[in-house]
Protein chains: 2
Amino acid sequence: MEPVILVSVSEIMLKSPYVRRQLQSTLLEHLRWKLKRSSFSNFKTTIDSGRIAISGLSDTRAAQECSHVFGVVATMNASKIVGDPDRLVEETCAYAATRLSEGDTFAVRAHVAKPYPTSGIEIERKVGAAILARLREKNVTVNLDHPTRTIHIEVRRGASYLYDNHIRGYGGLPYGSQGRLVGLLSGGIDSPVALWLMMKRGSHVIPIFMDMAPYAGDDYKDKAVDVARKLREFAPVSKYGIIIAPFGEIVEEILSVKEAKYRCVLCKRMMYRVACAIAGRQRAVGIVTGESLGQVASQTLLNLSTIDEAASLPVHRPLIGLDKMEIQALAQQIGTYEISIRKANGCRSAPRKPATSARVEKIRTLEKGLPIDSIVTNALKRIKKMDL
Amino acid sequence: MEPVILVSVSEIMLKSPYVRRQLQSTLLEHLRWKLKRSSFSNFKTTIDSGRIAISGLSDTRAAQECSHVFGVVATMNASKIVGDPDRLVEETCAYAATRLSEGDTFAVRAHVAKPYPTSGIEIERKVGAAILARLREKNVTVNLDHPTRTIHIEVRRGASYLYDNHIRGYGGLPYGSQGRLVGLLSGGIDSPVALWLMMKRGSHVIPIFMDMAPYAGDDYKDKAVDVARKLREFAPVSKYGIIIAPFGEIVEEILSVKEAKYRCVLCKRMMYRVACAIAGRQRAVGIVTGESLGQVASQTLLNLSTIDEAASLPVHRPLIGLDKMEIQALAQQIGTYEISIRKANGCRSAPRKPATSARVEKIRTLEKGLPIDSIVTNALKRIKKMDL
């Protein structure tokens, strides 16, 4: 038997044959990238009737790394039966002998994915009986409902596989297969999750941080950079970086507007304008932001629509229907939560009571006093890209 | 002791005192509506330091109904200690006697939410010891890690409560507190989930079904109506209905466009236009749709942006970052899944290979041949509202 990592994918399998092949080959590339980045080498990837098999690796950590690639539903450390397929029963018994301990209960689950003379149920019965006979001295027994171990057999076209474990992946679609976006990233809890969800669905998302210094601290920027570094682990591409746009002078202009309660909406509209301008240069077709309806006073339907009006590209808000608790749970899963809750000096220019119903007409009037075009042009001239 | 239903809320408690009071009072109204609709009567609602208590109800089904109200994180069938608060230990013992059976293990968890002479830990120790002494003959023992039953004690300003169960709610914000939207509802799996998520976040969402007859069957419309009826259970308002817009003639116009692959994008753009026009009449400030990035060939970033361009109001897509499997799981939770998977005669006019990169310029050229304004006006004249 030879150690392999089996990879199961889901939505990809529902696509037309042409699209499926494309997505599978992208996914293979990403798995190789991920493994190499984690210093694994000397492995070989193959596709066999919908399953990806990576041979030459027996490490659980390798299976773990693969489970973090978007498009992967689960990974399994498995054993590949080589040679005569008729040796299935015998080989499974040998495998079971290494996996079952004294007094264990077990179940056998067989999945037959090719024209094969024996059905899954028949295989389960045969193998179950053979294991009982072979491991009589270990006092193992069958328990189909709550076994200590479930031994899975997969009979595929090219080979058969055995495994008794699986690591859940995130699902989604291969990174970059669904186009390019830019994402507004702060050091907070929400925006990293928003970017991550669009990355999960296959977008290449370029993070942009609006640097409000001197109206926010450098420690706040550091958080955003650290968060981007964490997101970078999910982006199986050679070039990835965060774009840092200077925003302090823009804040200064906005502070000149007398009606303080509208500042947040004015500021967001400027952020969206700058983000859309950067998106244009990056050949991105939309922006991602982390708003959730009603989470804070300023995230009302009316404010969001007034903010959107300033964007020249579609705004995607994957968190719009989620609760704070759900977003926090995702942030913990992704690994950004611990970074995001670090204390830092965020925006110092927010009014105490931001407007909850800022109408476009009102905002447009206030914006008449702001040199919007030159603000955007200046910011664009001074953006920095930090490779991660 | 008096039976009560305790209701815990989460995000509402994070709001400013003024907003919190508003949301709590809306939530109380919704709980009363829900209970009356389920034929419960003779109950009284009170708020005590952040917890809502509904007295006069001991039915588990009542607690279940309350858990389906948005804004509720959990509900508990509890017992309220009336009279002398010093009788806490005694009353808890009496409660434990009715809840613990022969050989059970238990733990006591106390939460003290008011200035009280005894700390939570002290109460736990005292009550634990008292239960052990009192129920000696039942052979009950303490197990803090995996007890058969956990007895919760909540000491609040107005009263103390005992419970050993809880039903999880959906969270979110009180229905209608976050403004009005219209939602495009088909009989499929996704759109009901999209509408539900925005309802959960506090929007009043009015469902619109685009009736493609004769290019789709009446059974397809029936599914949408049944789905809307299910969503109605989450809308604690006296007036709720589905809007049915005639769309067959619009499809006929679109079928006259020679380049078949663009039909779906053209059709969606017309749907958005009609939906936005209806939204205007309904004082709604945006539309909700069920697209998920890359789920089907037509849901590309470019297509979505071309479709959005036809909308005069913001488009909210709460499913944009979710996988099909995640959406299906939500549909099952909501109760729309079984309706959505019923076989029905959906759209018969879709091309075999819809375009995946329909650019706005191209679509605008094709639309020149369509009498868009009169199409929308005609549809608006003939919409029907079905009360649910």
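Leaving aside neighbours within four places in sequence, Ser10(A) is in contact with Gly71(A), Val73(A) and Met325(B), where contact means heavy atoms within 4.5 Å. Ser10(A) lies in the loop between β1 (2-9) and α1 (17-37) of chain A; helices (H or I, at least four residues) and strands (E, at least two) are DSSP runs, numbered from the N terminus. At 22% relative accessibility, Ser10(A) counts as partly exposed, given that buried means under 20% relative accessible area, exposed over 50%, and partly exposed in between (1.4 Å probe, protein chains only). If you look for Gln295(A), 285 residues along the chain from Ser10(A), the two C-alpha atoms are separated by 33 Å.

A word on the ground rules. This is a predicted model, in which local features need pLDDT of at least 70 and side-chain atom pairs count only at pLDDT 80 or more, while totals for chains, interfaces and linings use all residues. Residues are numbered from 1 along each chain as its sequence is written, chains are lettered from A and ligands numbered from 1 in the order in which they are written, and side-chain values use heavy atoms, with hydrogens and water left out.

Now let us step back to the two chains.

The contact draws 36 residues from chain B and 36 residues from chain A. Because 100% of the interface residues of chain B are also interface residues in chain A, the copies meet through the same surface. About 2700 Å² is buried between the chains, with carbon and sulfur atoms giving 57%; buried area is the accessible area (1.4 Å probe) that two parts lose on being put together, summed over both. Six salt bridges are found across this interface, each a side-chain nitrogen of Lys or Arg within 4 Å of a carboxyl oxygen of Asp or Glu. Glu326(B) and Lys200(A) meet through their side chains in a salt bridge of 2.7 Å, N to O.

Finally, visit helix α2 (residues 60-67) of chain B, where you will find Ser67(B). Ser67(B) counts as buried, at 1% relative accessibility. Beyond neighbours within four places in sequence, its contacts include Val72(B), Ile167(B) and Tyr170(B).
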